[in-house]
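Here are a few notes from my pass through this one. Have a look at the fold and then go through the points in order.

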Amino acid sequence: MIKNYLKVALRNLKKGKLFSFINIAGLSIGMAVTLIIGLWVWDELSFDKYHKNYDHLGQVWQFVQFDAEKSSFNSVPIPIAKELRSKYPAVEAACVTTYNREAILGIGNKKIVKRGMYAEPDFPGMMTIRMLKGISGLHDMHSVLLSASMAKILFGAEDPLNKIVRLDNRADVKVTGVYEDFPENSSFKDVSFLAPWELFTSLDGYAKRASAEWDENSFQIFVQLKEGTDFAQISSAIKDMRMKLENPPAYKPEFFVHPMSKWHLHGNFINGENTGGLIRYVKLFGIAGIFVLLLGCINFMNLSTARSEKRAKEVGIRKTIGSGRKQLLLQFFSESVLVSFIAFMLCLLLVQLAMPLFNQVTDKKMAIPWGNIYFWLPAIAFCLITGLIAGSYPALYLSSFKPVKVLKGTFKAGRLASVPRKALVVFQFTVSITLIIGTMVVYRQIQYARDRSAGYNSNGLIEVTMRTPEIGKNYEALRTELLSARYVKNISRSMGSLTDDYGGTTAVSWKGKTHGTSPMFIANKVTYEYGETVGWNILSGRDFSQSFSTDTSAIILNQSAVQLMGLREPLNELVKLGGKDFRVIGVVSDMIKFSPFDQVKPSLFTVSPGATNVINIRMAAQVPVSSALAKIETVFKKYNPAAPFEFKFVDEAYAAKFSDEVKIGKLAGYFAALAIFISCLGLFGLASFVAAQRTKEIGVRKVLGASVFSVWKLLSKDFVLLVFISLLIASPVAYYFMHGWLENYRYRINISWWFFILAGAGALLLTVVMVSFQAIKAAVANPVAALRSE
């Protein structure tokens, strides 16, 4: 019986080649989108599960209150770790680490810049790193653990154990172990080496001093809780740890442990509340994938039910000779499942071809797990479920026909039979138009932020991190030589990058400051030439200058700082910073150093050449970039031979701030395009069927004098009306969701009416094009051929 069902299914596929193509194409595209999104969602949901202690690991964060709202930070005081280990029995382990930072690893003349961490000895065991060679401990102060890829870069095929590596040109360390690289979906994926915390404190005086300071917040603390311990419980216990000590700070820190299970997808906090994060995009695109699959299923439903009259006699004869409804249902479901499996084969090909592009857009390294049984079992279930969903309505509809009416020739589908099909078409285009509007809003929001002035000129500007003491000692000679040539216009130094906030301070006071408040300011330490090099915009006053000996006690404010301080005439006002008085000599435009979608933080600039770690170089506009870089590299290698010359373009670093939104926009754009393509495929098939069904009516109308335009209008108006209804439904739906998305940004667009008009016009245009092909074909056909059988 099953063999017979398959034969009939294959015959029907061959008989209706156009409809079979539309069904298989629509389903395969929908299944491909769903499969890709499914792999991506699984990758996101399994983030950090590489670590065996996943359910018991967390990171200490703190809420602080500088103004009306609470801010959240994952940098905390070092003494917390000791407190956790000694006074909280629920804590299995706690360790201090640096942030993932760049360092120079060298053997002989080979020097590589890679990212890694300095950590206390418990860190490898807590994170259950998988050792390939050697031991996992960090107890030896002069040891280092290398990732497998890092060991290969440094030593090739040689055994790296017990080899000596020069770390940051400051310490010789022995390789005591090699660990398996962290996977791409791990928070530590870029960690290429692990070095002892004890070594770091011996090299960094600030870290050594901060080890006993409760108000220095520059490092991370990870904890492992004992089995059965609740994160909320430990968070409640440590919340007021600092406030119970002497001299509690005015910013009122509240500590809590953020579970590893929430690091990646639930990393956003607003005013002391976890507001989610990337999880909203996982849900959003998961739902989008299901909807795109449903569009393909709807094509199958619509075309199968539309062709019901052609299969009515088959159903009648089968029922007459004894077939029950269950057998008919089984037949029709077998046809839909067969189509689903054929579509799945094509879907796998599409996914394999599309995966490189998807990986590029999402910055992933995913692949179809061909050899994984846990992929194939859900995949088979996926095919069956898709086939059953696609075939459910046609099977129930076709199997309900009355054999007497069918065989007497009195069966007609009736006018109401098309209502479900029309409703499904409206659903298809509602989804498509919603995705189109969403894509337009995302791209407009990105462009809106890009058009926002950054407050400096990033063109031709590069940054070089000062990784060794030599570059600081030789800076003046390096600067003189670079400026003497024509390929560099200016050069300066700063503490931290122009495109990132290095750190803040609350130790700021001024005349008129509200008592009891401790707002956060970004304190920027720069050299005299900084403003001219980066091209900032001075709104009032003047820039720093070596011509004024008093500029060592001068300060420049940005607009946000002036507004926060409430200074109407800021020039010559005194500002106390870190206990020292500074006189305001200038005000500059806000410079976007963090997110271009948020408000710029209040910032202060002072001259402090000895506290800088980044060199800013403005290249001459008339010199080709490649030539300028080659010459700059030569000079750097002359004065800093111990470090490789590495730089970053400021404009590229600034553009990277839009990466998440660009990914969302591209993904939404691809899904919208595929959704509208699948919908148009279905529309084309339905238009083809309607034109064929009304062939004789069109022939009569033409004989009676109907024009091509009137015939085209007759066949097109119903479809255009359906798309217009879809626009009316999609508009408020899209507005609701996109307004909610924009609420995540302080610097955002307003959703304008033209988004909806443009999306609707585009959908209507595509509808007219799809339907017109069949309508005009039917309108220009010879009516004699249509009426000959009469």
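1. Asn 572 is exposed, with a relative accessible area of 53%. That is over the 50% cut-off, so Asn 572 gets the exposed label. Keep in mind that this is a predicted model.

2. On backbone geometry, Asn 572 has a positive phi of about 75 degrees, although it isn't a glycine. You'll find Asn 572 in the loop that runs between helix H18 (559-565) and strand E22 (574-577).

3. Now for Asn 162: its phi is near 70 degrees, which is a positive value in a residue other than glycine. Asn 162 sits in the loop between helix H5 (148-155) and strand E8 (164-167). Buried or exposed, then, for Asn 162? Exposed, because its relative accessibility is 53%.

4. On to the inside. Nonpolar side chains tend to be buried together in soluble globular proteins. Here the largest nonpolar core has 109 residues, and the members touching the most others are Trp 536, Phe 544 and Phe 605. Helix H2 (residues 17-45) supplies the largest share of this core, with 15 residues. Apart from this core lies another one of 43 residues, including Ala 103, Val 165, Ala 207 and Phe 231.

5. What does Trp 536 touch, leaving out residues up to four places away in sequence? Its contacts include the aromatic residues Tyr 456, Tyr 530, Phe 544 and Phe 605. Also among them are Ile 556, Val 588 and Met 591, along with Gly 455, Gly 531 and Asp 543.

Technical notes:
Residues numbered from 1 in each chain as written. Predicted model: local features only at pLDDT ≥ 70, side-chain atom pairs only at ≥ 80, totals over all residues. Heavy atoms only, no water. Core = buried A, V, L, I, M, F, W, Y, C linked by side-chain atoms within 4.5 Å. Buried < 20%, exposed > 50% of the residue type's maximum accessible area, 1.4 Å probe, protein only. Helix = DSSP H or I, 4+ residues; strand = E, 2+ residues; numbered from the N terminus. Contact = heavy atoms within 4.5 Å.
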